[in-house]
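Here is a short briefing to read beside the model. Please keep the sequence and the 3D view open as you go.

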Amino acid sequence: MPASSPQEAIEKLGWYALRWKIESFHKILKSGCRAEEARLRTAERLVNLIALFCIIAWRLFWMTMLNRTEPEALLALP
């Protein structure tokens with residue numbers, strides 16, 4: 001992506017730095033939830049399953065990131 005100023009370049013570097021988080025989420029979705037292995041007969045069922053998997057994957061991702069930044073925080077959750 002083109003950057004016409006140092007501020008734009010820094011912004012784009014920040015975006016790139018977040019890429020690993022997106023890849024981690026997709027890894028949870030694909031490997032943890034095994035989303036690609038679903039063999040549903042209708043598109044509607046597949047969409048519903050993927051929506052549910054996204055919620056589960058997001059929660060697992062969030063807990064992973066929380067544990068990396070605040071290891072004791074998950075112990076305090078109800």
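This is a predicted model: local features need pLDDT of at least 70, side-chain atom pairs count only at pLDDT 80 or more; totals for chains, interfaces and linings use all residues.

Residues are numbered from 1 along each chain as its sequence is written, and side-chain values use heavy atoms, with hydrogens and water left out.

**Helix packing**

- Helix α2 covers residues 19–32 and helix α3 covers residues 43–69; the two pack at an angle of about 130°, with their axes 9 Å apart. That angle makes α2 oblique to α3 (under 35 degrees is roughly parallel, over 145 roughly antiparallel, 65 to 115 roughly perpendicular, and the rest oblique).
- Helices here are DSSP runs (H or I, at least four residues), numbered from the N terminus. Axes are lines fitted to C-alpha atoms over the stretch in contact, and angles run from 0 to 180 degrees between N-to-C directions.
- The crossing of α2 and α3 is right-handed, a term for the near helix being turned clockwise from the far one by less than a right angle.

**The α2–α3 contact**

- On the α2 side, Trp20, Lys21, Ser24, Phe25, Ile28 and Leu29 take part, and they meet Phe53, Cys54, Ala57, Trp58, Leu60, Phe61, Met65 and Arg68 of α3 (contact means heavy atoms within 4.5 Å).
- By class, this contact of α2 with α3 has 11 nonpolar, one polar and two charged residues (Ala, Val, Leu, Ile, Met, Phe, Trp, Tyr, Cys and Pro are nonpolar, Asp, Glu, Lys and Arg charged, and the others, Gly among them, polar).
- Ser24, found in helix α2, counts as partly exposed because its relative accessibility is 22% (buried is under 20%, exposed over 50%, partly exposed in between, with a 1.4 Å probe and protein chains only).

**The aromatic pair**

- The count comes to one aromatic pair (ring centres within 6.5 Å, using the six-membered ring of Trp; planes under 30 degrees apart are stacked, over 60 edge-to-face, and the rest tilted).
- Trp58 and Phe61 form this tilted pair, at 5.5 Å centre to centre with 40° between the planes.
- Both residues lie in helix α3, three residues apart, or about one turn of the helix.
- Phe61 has 7% relative accessibility, so it counts as buried.

**Other residues to look up**

- Glu44 sits in helix α3 and, at 60% relative accessibility, counts as exposed.
- Arg34 is in the loop between α2 and α3; although not a glycine, Arg34 has a positive phi of about 55°.
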